[in-house]
Amino acid sequence: MTATRNRPVLVGVDASAPSLEAVRWAAREASRRDTTLRLLHACVFDDEPPRQHDELLLEHIDRRLGRAAEIARDRAPGVRVETAVRLGLAVDLLLEEAADAALVVLGSHGLGGLRGALVGSVALRVAAEAPCPVVVVPGHQPIRTGPVVAGVDRSESSEHALRFAFDAADAARAPLLVVHAGDDPAERQELEARVASWTGRYPDLEVFTQVVEDRVPERALRHAAPDARLVVVGTRGRGPVAGGVLGSTGNALLAHAPCPVAIVH
């Protein structure tokens, strides 16, 4: 990840609880990467130029961003924080800024997502289309001390997900559990060989592999480590709906996982 070391960690901020959880998660990640945490709020005005009530709204947004910056510094003292308010749709602005970001972090709901949906529409779109990894954080999450879990198959995106997971586990000083869903005995040997190609680069990292006889990868990942602190997957797998925007596994994890989920392109 050296190519993205100096790029910021970008967070979409609004008033939702998942958004503030995303700020907390991203603050620690930006501090670990020794890079800037960029807090972005997108807004749309009905009038052009903005009227007086719109100016009051901007003042409210500035206070909201100031509070988010305080939360970030409380979680990661010394982290460099910058805030930005931009006019436009959240999806468009986040995807635009993602081109220059090391990582995008979003709450599972908010930023215009549909109320009652399992995961917000903005999170789904950005996770599917951003050119950099995207982490989606659920709201009100407890402190989780389990392993980082990587879901892998034979797709190219799985290799990128595996690299991200090794780096995340090493940084957190947490075990890494690499999971493959299938029922072919030969798959275990193939999985262990793939993992072995990475372990030499992380000599102090505790790594486990598991082949789960379950044709539903999302279910296999959640059952393999119910206390996982982070689940990492690629954008597409080789399942029956691999042509989908994220693939069925990524969509299901974003909707149901109780911990942050990293979607790696």
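**View 1. The count of aromatic pairs comes to two.** Rings of Phe, Tyr and Trp (its six-membered ring) are paired if their centres lie within 6.5 Å; planes under 30 degrees apart are classed as stacked, those over 60 as edge-to-face, and the rest as tilted. The structure is a predicted model, in which local features need pLDDT of at least 70 and side-chain atom pairs count only at pLDDT 80 or more, while totals for chains, interfaces and linings use all residues. Residues are numbered from 1 along each chain as its sequence is written, and side-chain values use heavy atoms, with hydrogens and water left out.

**View 2. The rings of F166 and W198 form a stacked pair.** Their centres are 6.1 Å apart and their planes lie at 25°, so the pair is classed as stacked. F166 belongs to helix α5 (residues 156-172) and W198 to helix α6 (residues 185-199); the pair thus links distant parts of the chain, 32 residues apart. Helices (H or I, at least four residues) and strands (E, at least two) are DSSP runs numbered from the N terminus. F166 is buried, with a relative accessible area of 0%, and W198 is likewise buried, at 8%. Buried denotes under 20% relative accessible area, exposed over 50%, and partly exposed the range in between (1.4 Å probe, protein chains only).

**View 3. F166 also pairs with Y202, in a tilted arrangement.** The ring centres of F166 and Y202 are 5.3 Å apart and the planes are at 35°, so this pair counts as tilted. It too joins distant parts of the chain: F166 in helix α5 and Y202 in the loop between α6 and β8 (207-212), 36 residues apart. Y202 is buried, at 14% relative accessibility. F166, W198 and Y202 together form one aromatic cluster. The charged end of R201 sits over the ring of W198, 4.1 Å from its centre; the criterion is NZ of Lys or CZ of Arg within 6 Å of the ring centre and within 35 degrees of the ring normal.

**View 4. G151 lies in strand β6 (residues 148-151).** G151 is buried, with a relative accessible area of 11%. Leaving aside neighbours within four places in sequence, G151 is in contact with S158, V179, L221, V232 and V233, contact meaning heavy atoms within 4.5 Å. G151 and T249 are 98 residues apart in sequence, and their C-alpha atoms are 9.2 Å apart in space.

**View 5. The side chains of D153 and S158 are joined by a polar contact of 2.7 Å.** D153 is found in the loop between β6 and α5 and counts as buried, at 18% relative accessibility. A polar contact is a pair of N or O atoms within 3.5 Å; within protein, one must be able to donate a hydrogen and the other to accept it, and residues adjacent in sequence count only if both atoms are side-chain atoms.

**View 6. Helix α7 (residues 217-224) has the buried residues E218, A220 and L221.** These residues cover an arc of only 165° around the axis, which puts them on the same side of α7; the arc is that of the directions from the helix axis to the C-beta atoms. The buried residues of α7 pack against β6, β7 (176-181), β8, β9 (230-234) and α8 (248-256). The protein as a whole has eight helices and 10 strands, and 51% of its 265 residues count as buried.
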